[in-house]
Amino acid sequence: MDQKPPSSTHSGVEDTPPLSPNFAFLSTHHPLLVRYAAQAERFVFEDATLALIRLRQFAELLARQAAAYVGIMTTDEDDFITILNWLRERRVLSNKYRR
């Protein structure tokens, strides 16, 4: 029986969503949320830079999902800070967590 090797990206990270009991609940919202969170968790000790990149990607996608949920239209040109500011203006995010 032939088995297919796992597909991978140029960075060597598998394309298939990693299984994670910690983040599986996010799959109902967006499959990339699961992938980014699980990969950040997986690589935190092995490749901290990659873990931080995945964590940032997770946060950016989560912000876009939150914006869509409350009716804020975003485009690919909208940066992370802009989206966070729009969420604060709509009082979706608290100023408590502001830098």
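Predicted model: local features only at pLDDT ≥ 70, side-chain atom pairs only at ≥ 80, totals over all residues.
Residues are numbered from 1 along each chain as its sequence is written, and side-chain values use heavy atoms, with hydrogens and water left out.

View 1. In H3 (residues 80-89), Phe80, Ile83, Leu84, Leu87 and Arg88 are buried. Because they cover an arc of only 145° around the axis, they lie on the same side of H3; the arc is that of the directions from the helix axis to the C-beta atoms. Buried means under 20% relative accessible area, exposed over 50%, and partly exposed in between (1.4 Å probe, protein chains only). Contact means heavy atoms within 4.5 Å, and helices are DSSP runs (H or I, at least four residues) numbered from the N terminus.

**View 2. Arg54 in helix H2.** Arg54 has a relative accessible area of 11% and is therefore buried. Its side chain is joined to that of Gln57 by a polar contact of 2.9 Å, a term for a pair of N or O atoms within 3.5 Å, of which, within protein, one must be able to donate a hydrogen and the other to accept it, while residues adjacent in sequence count only if both atoms are side-chain atoms.

**View 3. The segment after H3, with Val92.** Val92 counts as partly exposed because its relative accessibility is 36%.

Definitions and conventions
Helix = DSSP H or I, 4+ residues; strand = E, 2+ residues; numbered from the N terminus.
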